[in-house]
Amino acid sequence: MTYAFAVPGLPSRVLVLGLARSGRAAVSALRRSGLEVVAHDTSESIDRHGLEADIHLGVWDDALLDGVGLVVKSPGVPGDAPPVAAARERGVPVISEIELGARLLPNPIVGVTGTNGKTTTTALLGAVFEEAGWPVEVAGNIGRPLTSLVGTVDDGSWIVCELSSFQLEDVETLRPRVVLLTNLEPDHIDRHGTFDAYAKAKLRAFERQRAGDVAIVPRGFAPVPGAARRLEFAVDDPLPAEPRIRGAHNRENAAAATAAALALGVPDEAVARALETFPGVEHRIEEIATVDGVLYVNDSKATNAAAALRALDSFPDRRKHVILGGRGKDEPYDGLAAAFDDGDRAYLIGEAAESFALALDAADVPFVRSETLDRAVAGAAAAAAPGDVVLLSPACASFDQFERFEQRGEEFRRLVQKLPGWGPDDVRTGVRSSSDS
């Protein structure tokens with residue numbers, strides 16, 4: 001069912017930058033409101049099907065801003081991109097797709113941000129709400145754009161929204177009733193320039209919270225902006241039940257989700273049922289199969305060193321064959337290299353291979369320059385013995401060899417399923433979840 005919705009103060013002509021999932025959803029939301037939409041993407045291979053807009057692909061032309069009263073920026077478009085710079089020079093407001101969704105949706109929002117654990121915590125909170133029988137939609141960086149909900153959901157539904165730093169760069173009115181910060185560690189320095197700029201973008205989620213709202217942060221975290229009531233969580237918090245998902249980091253995610261749910265009045269029993277049954281998210285320490293006694297784990301969503309560290313810690317006392325590499329984010333790898341145990345080995349792929357090689361060599365960790373994922377899986381499978389773990393945890397973005405981390409994870413799954421010894425009994429299941437960045 002589609003619901004009518006109002007357009008509070010939006011101009012008659014809007015420019016949408018970027019036509020991946022978020023941009024396409026923004027175009028649809030604006031068109032359903034009767035607004036004129038012009039759209040631009042640098043890629044000339046964008047699928048135009050279903051896009052009701054004046055579409056321009058390839059080289060940017062400042063003339064596209066003529067008559068435009070607002071620019072909506074997809075998360076993949078950096079703040080210094082020529083269209084954004086041109087809009088600001090003309091005094092045309094620039095907002096993110098998330099901000100557009102926040103303006104058009106009257107629903108209460110629970111925002112989940114942080115460096116690692118966002119997707120797991122967001123999906124777990126959605127499961128908690130469902131167990132409680134509360135109407136809920138899960139959206140944002142988890143793979144379903146916030147604007148895709150505009151005109152399609154009941155006003156009383158809660159929205160649990162994963163918020164990336166890219167999405168929070170250009171928010172002006174976004175005010176989640178609850179904001180949950182999972183953690184804050186160096187990431188996306190290649191985009192933001194410095195850790196301070198990255199952290200500032202993350203903390204924008206709290207800025208407009210009021211006294212009746214809730215801010216949930218790790219125990220001992222520094223003060224955050226806004227006027228919300230502060231709650232803290234930690235890995236050793238008592239929980240209504242122990243989570244099904246593996247690892248200390250996931251118990252910390254469970255503690256964060258529990259704090260948010262209980263603050264909103266979700267019954268303990270519903271939280272317990274969700275913790276005991278939630279299987280985790282796809283591409284995040286996802287156990288694909290055990291083949292000939294070797295466990296294969298897809299952690300393609302580990303796109304920074306801190307996330308890969310958590311994956312290594314999830315398999316203590318097991319020899320690990322770790323596939324690392326992709327497009328780096330200008331962060332050091334010394335700490336990750338130091339976390340390898342005796343007997344572990346790395347298989348290096350992609351653009352960042354040489355950076356990993358330097359760090360691993362300094363830490364006396366053996367490694368193989370595999371170059372591509374198929375060679376890395378084949379090499380790891382040949383070297384692994386029963387009881388070992390082959391772990392894809394790249395600590396890098398996928399964009400050098402794959403379009404998205406999901407594609408990288410699916411290719412890993414396909415390669416595992418082609419191994420000698422693979423059989424139907426090896427298939428593992430999990431929830432489907434994806435991300436836009």
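Because the model is predicted, local features are reported only where pLDDT is at least 70 and side-chain atom pairs only at pLDDT 80 or more, whereas totals for chains, interfaces and linings use all residues. Residues are numbered from 1 along each chain as its sequence is written, and side-chain values use heavy atoms, with hydrogens and water left out.

The protein chain contains 14 helices and 17 strands, where helices (H or I, at least four residues) and strands (E, at least two) are DSSP runs numbered from the N terminus. A compact globule of 437 residues would have a radius of gyration near 22 Å, and the 22 Å found for the protein chain agrees with this; the radius is taken over C-alpha atoms, and the globule rule is 2.2 Å times the number of residues to the power 0.38. Along the principal axes, the C-alpha atoms fill a box of roughly 65 × 50 × 45 Å. Of the 437 residues, 57% count as buried, the term buried standing for under 20% relative accessible area, exposed for over 50%, and partly exposed for values in between (1.4 Å probe, protein chains only). The accessible surface of the protein chain comes to about 17,500 Å², and 49% of this area belongs to carbon and sulfur atoms; such areas come from the Shrake-Rupley method with a 1.4 Å probe, and for residues only the protein chains shown count as cover. Among contacts (heavy atoms within 4.5 Å) between residues at least 6 apart in sequence, 67% join residues at least 24 apart.

Strands of a sheet pair through backbone hydrogen bonds, either parallel or antiparallel.

Another open sheet of six strands has the order β12-β13-β17-β14-β15-β16, and its pairing is mixed. Here the edge strands, each pairing on one side only, are β12 (286-291) and β16 (367-371), with a twist that averages 20° from one strand to the next. Strands β14 (residues 320-325) and β17 (residues 389-392) pair in the parallel sense over four bridges, and Val322 stands opposite Leu391 in β17. Helix α12 (residues 353-362) lies across β14, β15 (345-349) and β16, at about 160° to β15.

Side chains of opposite charge can pair when their charged atoms come close. With a salt bridge taken as a side-chain nitrogen of Lys or Arg within 4 Å of a carboxyl oxygen of Asp or Glu, the count comes to 35 salt bridges. One of these joins Arg90 to Asp66, with the closest N and O atoms 2.9 Å apart. Arg90 lies in helix α2 (residues 82-90) and Asp66 in the loop between β3 (54-57) and β4 (70-73), so the pair ties together parts that are 24 residues apart in sequence. Arg90 is partly exposed at 43% relative accessibility, as is Asp66 at 42%. Arg88 forms a salt bridge with Asp170, with a closest N to O distance of 2.5 Å, and this pair links helix α2 to the loop between α5 (165-168) and β9, 82 residues apart. Arg88 is partly exposed at 41%, whereas Asp170 is buried at 8%. The side chains of Arg230 and Glu232 also meet in a salt bridge (3.0 Å, N to O); Arg230 is partly exposed at 32%, and Glu232 is partly exposed at 38%. Salt bridges that share partners join Lys73, Arg88, Glu169, Asp170 and Arg191 into one network.

Ala234 is placed in the loop between β11 and α8 and, at 10% relative accessibility, counts as buried. Leaving aside residues up to four places away in sequence, Ala234 touches Arg219 and Ala255. Ala234 and Glu354 are 120 residues apart in sequence, and their C-alpha atoms are 36 Å apart in space.

Definitions and conventions: Pairing = 2+ DSSP bridges. Axes fitted to C-alpha atoms, helices over the stretch in contact; angles between N-to-C directions.
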